[in-house]
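I opened my notebook to go through this structure piece by piece. I wanted to write down each thing I looked up, in order.

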Amino acid sequence: MSISIDRRQFLMGSTALLAAAAAGVGPAMSQETRMRLIFWGGQARADRTYGVTDLYTKASPGTTFDGEFLAFADYWPKLATQTAGGNSPDVIQMDYRYIVEYAKRNAIAPLDEFIGNGLNLDDFDKDQLDGGKVDGKLYGISLGANSTAIMVNTTAFEEAGIELPTRDLSYADLPAMAEKWNSSNKRAGMKLWSDYSGGEPGLENWLRQQGKALYTADGLAGFTAEDITAWFQLWADLRAADVIVSPDDQALDATDAIENTMITLGKAPVTYANSNQLIAFQAVNKDKLTMTNYPRIKAGSGGGHYRKPSMFFSLGASSKQQAEGAKFIDYFISNPDAATILGVERGIPCKSSTRDAIKPSLDEQSLVALNFVSNLGDLLGALPPSPPSNAGEVGVALKTKSQEVAFGQQSPQDAGPAFFAQATEILARAKK
Amino acid sequence: MTTDVQRLTVVTEKQTAAVKTRKRLLSILAHVLLIGASILMLYPLLWMLSASLRPENEIFTSTSLWPSAISLDSYFRGWNGLRLGFGTFFINSFTIAILAIIGNLATCSLAAFAFARLEFWGRGFWFAMMLATLMLPYQVTLIPQYVLFHNLGWVNTFLPLVVPKFLAADGFFIFLMVQFFRGIPKELNEAAMMDGCSPWRIYWKILLPLSTPVLATAAIFTFIWTWDDFFGPLIYLSDIRTYTVMLGLRTFVDSSAQSDWGGLFAMSILSLLPIFLFFLFFQRLLIEGIATTGMKR
Amino acid sequence: MTARSIQDANRAPTTERAVSPSVWSQLWSRNAGGYLFLLPWFLGFFGLTLGPMISSLYLSFTNFDLLTAPDWVGPANYVRIFTADPKFSTSMRVTLFFVVFSVPLKLAFALGVALLLNRGMKGLPLYRAVFYLPSLLGASVAIAVLWRQLFAGDGVVNDALAIFGIKGPAWISNPNYSLWTLVVLSVWQFGSPMIIFLAGLRQIPVDMYEAASLDGASKWRQFWKITLPLLTPVVFFNFIIQTIEAFKSFTPAFIISGGTGNPINSTLFYTLYLYQEAFSFFRMGYASALAWILLAIVGFFTAFSFLTSKYWVHYDD
């Protein structure tokens with residue numbers, strides 16, 4: 001180990017070494033364990049994560065970290081390249097969508113042998129534990145629970161004199177609400193609602209409220225062509241009733257990137273997002289934001305939401321320091337000091353003891369997030385099976401098809417069967 | 001390629017006052033056009049500057065160029081962000097860019113000389129091969145290349161970014177230099193050969209001195225493109241101490257989480273300075289080239 | 001490596017001494033110079049470039065999901081591309097449109113500005129730098145934000161059009177116009193061909209113009225009779241390179257559409273689709289097949305250009 005590091009340090013060049021020395025992170029001693037940790041996120045997440053690795057190094061001297069953080073879009077090509085090149089990091093942040101891909105291909109290691117043996121999962125929420133399982137084995141430890149949610153611009157609603165969306169709001173209520181919104185005419189050009197006809201989480205939530213699912217456990221479509229037609233029709237009606245933003249505006253938001261959402265761009269006071277993103281949304285919005293659940297399909301229907309593991313830590317399959325990695329993950333999810341540093345930035349901690357530890361130190365909006373995820377009540381349904389391979393491609397296809405409908409190139413009646421055929425073909429290809 | 005300096009002076013004397021006025025008017029018109037176009041070119045920079053100075057929650061919501069409040073916070077926060085500070089990244093970017101310039105100029109000009117001026121068996125074939133390397137999208141050679149560099153133990157060092165430049169791996173520059181070398185009168189070449197000059201001497205003593213414009217062009221492009229390169233560093237550099245400026249910039253922002261947009265724009269402005277200054281300086285070579293080498297004779 | 005060897009090389013091959021030891025020395029003296037000068041390039045080509053290229057060709061005949069070993073599938077990827085992949089034709093159409101419009105516009109712009117900036121005028125270095133500025137921005141994330149500010153429905157461009165009473169569409173997010181905003185972006189970053197044109201203009205001997213103006217040739221005639229012919233090697237270079245780059249164009253679409261190619265796949269560039277296949281959908285084998293098809297198309301186009309270049313590119317040799 002030490003030899004390769006020496007060579008690497010040497011090859012890095014003296015400039016980097018000098019800079020490293022100046023920053024007080026000098027080259028490693030030969031007895032040290034160096035862990036490679038990779039995650040995606042912004043500066044805020046990096047600061048918190050490095051806060052914990054520093055703490056861990058203090059607590060168990062001899063273990064240091066080479067942390068690497070990247071933007072989400074850059075993260076996956078790099079991780080795939082590293083994995084394909086046989087050079088994967090020790091501790092890897094994983095996404096709910098990709099964990100199946102990586103686990104099925106043995107690119108990440110099962111963690112079962114470490115449970116109770118370095119990894120204490122006693123008061124770990126069961127749904128979050130299950131979310132990290134693939135084919136019955138545990139491949140990822142959820143770093144926080146999350147739920148889909150809508151971000152709401154409270155200032156805009158107050159100006160218009162309209163009551164904020166409540167947890168009982170249904171899609172059927174939107175036209176009446178929009179009429180009030182449009183007649184108040186407080187913010188020129190702003191519509192009441194974002195167009196989420198292309199959002200996979202929106203469709204999933206809507207299907208689940210009807211007792212259906214986006215994907216079945218064996219990786220097939222959990223919906224029919226008629227379902228999709230109805231979904232597109234729902235949005236076409238909202239469009240006709242002047243509830244949602246124009247397709248031109250909605251298309252500005254290509255990837256649900258926070259800076260391009262309708263709420264941030266000031267096109268609508270409501271945007272579909274995730275519960276752990278409230279603080280990030282607030283950072284680029286002037287108006288005061290809050291969040292609540294997705295609309296119901298009718299009064300009293302529930303079960304659309306679920307507590308989704310926002311991200312996992314997994315261990316690289318080729319890592320030679322898996323035991324140490326498991327210990328670090330345990331520290332990351334259990335240690336009260338670490339938890340205080342992390343807050344709810346990655347979602348709500350999954351251990352009840354950790355949740356209790358952070359509560360006193362949370363700011364107002366973190367508390368909103370914590371309370372929202374903890375009190376979903378009748379909105380909460382069971383965790384769906386993890387998405388099949390190629391699910392990502394289905395999501396892309398949904399977005400494109402929704403735009404064809406929104407821009408008037410295809411009617412909902414044609415788009416429903418067309419999308420269904422497309423999704424079936426994509427999912428069938430994954431089976432091969 | 002004949003010249004006639006005496007007759008030239010006659011022409012200049014012949015220029016009448018009317019012609020001069022017309023010239024002045026034309027020049028004013030040209031300036032007006034150029035200044036107008038410059039504003040178009042400068043707008044993004046002004047916008048970035050204003051984004052780097054304004055409060056973060058205004059960046060996406062305000063369309064005005066003028067910030068409601070001006071603060072240098074983003075610069076301090078950005079410079080010291082990412083644990084190490086941007087100073088390190090600047091040093092890294094400079095190191096890589098300078099090495100890349102040396103490598104590209106030295107080895108691409110050698111290859112270009114061979115293609116442009118020497119006859120040898122298989123010249124057309126190798127030239128076609130060289131062009132073919134330009135045509136394959138890098139996305140599909142990335143992983144095999146990564147495996148190669150990983151096996152060499154070069155990952156997480158500057159070597160994957162620098163060594164290819166010393167092996168003339170960028171066909172763009174070879175092709176560019178070939179086109180320029182072929183524009184230099186061949187008589188010079190042949191005369192030198194008659195005098196018993198070796199190809200090396202022709203390359204070193206005749207061709208290179210006459211090629212300042214294209215060498216300056218290559219230097220400018222290498223510096224800027226290496227500086228702006230993001231994908232290479234993303235894939236090959238993991239240790240934050242080896243990060244380049246561009247890689248640092250990209251890590252400011254993650255669209256699914258809380259990002260430091262102010263820091264991004266502030267550091268973007270700073271990262272433009274070196275390449276802008278480099279360009280300003282080196283373009284003189286590009287312009288003065290021929291005039292000072294006595295090419296006219 | 002003597003001057004003699006070069007002279008030998010230039011002579012017609014002699015056939016009389018067919019079988020003699022000097023065949024080898026003759027081969028050596030004829031070819032050694034070229035190969036010695038190409039040595040670094042050969043090292044790079046065989047050591048670094050060729051291997052990965054061949055690997056990707058091999059991978060194009062496999063199912064390679066990045067994380068497990070590739071599976072040989074024969075020509076299946078190619079068959080699917082040509083028979084069952086609507087996105088292939090969509091992305092090809094988008095790319096061809098981009099090539100056809102962006103390359104000539106960009107080159108015309110670059111040449112025009114280079115001619116303007118080549119004359120002895122005050123403040124030229126600064127103008128040149130300012131005109132190069134957009135190209136300095138490269139693939140900066142800032143471009144994405146900026147382009148939206150300019151070309152959104154309520155963007156700066158439409159504000160400007162409104163002065164003339166024109167109500168512009170939402171350029172960047174409307175599938176009918178979105179590709180045009182990328183053409184504009186490409187043309188706007190015309191700095192590199194401009195610099196190459198400038199360097200080329202500098203190489204034209206001043207005395208040729210002097211002689212021409214003595215003969216009473218107008219500026220316009222000088223341009224057509226001297227500047228353009230002597231500039232053809234550089235025009236040819238810029239044309240070939242810009243076309244190859246336009247076919248491979250990836251970054252602008254990637255940053256502007258967040259890697260999606262939307263709205264309605266209107267900006268799904270070929271390489272963007274290839275990238276999605278490789279890194280979003282874990283189908284590197286399929287992506288490699290796409291890449292080699294692109295290489296064939298671009299290679300065919302380049303070879304064709306080289307063949308025609310005899311008729312319009314003037315070299316001094």
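**Entry 1: confidence in chain A**

I noted at the start that this is a predicted model. The mean for chain A is 86. I found that 92% of the residues of chain A reach 70 or more. Which element of chain A has the lowest mean pLDDT? It is helix 1 of chain A, residues 2-12, with a mean of 37. Strand 3 of chain A, residues 91-94, has the highest, at 95. I also looked at residues 1-30 of chain A, where the pLDDT is below 50. Beyond near neighbours in sequence, that stretch has 34 contacts in the model.

**Entry 2: strand 3 of chain A**

I stayed with strand 3 of chain A. Which way do its residues point? Val91(A) and Gln93(A) point one way, and Ile92(A) and Met94(A) point the other way. All of these are buried.

Next I looked up the partners. Strand 1 of chain A, residues 33-40, pairs with strand 3 of chain A in the parallel sense, over two bridges. Here Leu37(A) has Val91(A) as its bridge partner. Strand 13 of chain A, residues 312-316, pairs with strand 3 of chain A in the antiparallel sense, over four bridges. Gln93(A) stands opposite Phe313(A) of strand 13.

**Entry 3: domains of chain A**

I looked up how chain A is divided. Domain 1 of chain A covers 32-144 + 310-363, and domain 2 of chain A covers 148-307 + 381-431. Their C-alpha centres lie 30 Å apart. I found 16 residues of domain 1 of chain A in contact with nine residues of domain 2 of chain A. On the domain 1 side, helix 5 and helix 6 (126-131) of chain A each supply at least two residues. Helix 6 of chain A gives the largest share of that side, four residues. By class, the domain 1 side has five nonpolar, five polar and six charged residues.

**Entry 4: domains of chain B**

I turned to chain B. Its domain assignment gives domain 1 (16-71) and domain 2 (76-293). The C-alpha centres of these two domains of chain B lie 30 Å apart. The contact takes six residues from domain 1 of chain B and six residues from domain 2 of chain B. On the domain 1 side, I noted four nonpolar, one polar and one charged residues.

**Entry 5: where the chains touch**

I looked at chain C against chain B. The contact takes 83 residues from chain C and 90 residues from chain B. Which helix gives the most to the chain C side? Helix 3 of chain C, residues 39-59, does, with 13 residues. The chain C side divides into 53 nonpolar, 22 polar and eight charged residues.

Then I looked at chain A against chain C. This contact takes 27 residues from chain A and 23 residues from chain C. Elements giving two or more residues to the chain A side include helix 4 (72-84) and helix 5 (98-104) of chain A. Helix 18 of chain A gives the largest share, seven residues. The chain A side divides into 13 nonpolar, seven polar and seven charged residues.

**Entry 6: helix 7 of chain C**

Why is helix 7 of chain C, residues 141-151, largely enclosed by the rest of the structure? Eleven of its eleven residues are buried, so it is largely enclosed. Among them are Trp147(C), Arg148(C) and Gln149(C).

I then noted the exceptions here. The peptide bond from Asn262(C) to Pro263(C) is cis, with omega near 0°. Pro263(C) is found in the loop between helix 13 (251-256) and helix 14 (270-280) of chain C. Ile264(C) lies in the loop between helix 13 and helix 14 of chain C. Ile264(C) has a positive phi of about 45°, although it is not a glycine.

Asp135(A) has a positive phi too, of about 50°. Asp135(A) lies in the loop between strand 5 (133-134) and strand 6 (137-138) of chain A. Is Asp135(A) buried or exposed? Asp135(A) is exposed, with 10 other C-beta atoms within 10 Å. Ile264(C) is buried, with 24 other C-beta atoms within 10 Å.

Conventions
Residues numbered from 1 in each chain as written. Chains lettered and ligands numbered in written order. Predicted model: local features only at pLDDT ≥ 70, side-chain atom pairs only at ≥ 80, totals over all residues. Domains from an automatic or database assignment. Contact = placed C-beta atoms within 7 Å. Nonpolar A, V, L, I, M, F, W, Y, C, P; charged D, E, K, R; others polar. pLDDT = per-residue confidence, 0-100. Buried ≥ 20, exposed ≤ 12 C-beta atoms within 10 Å, placed from the backbone. Pairing = 2+ DSSP bridges.
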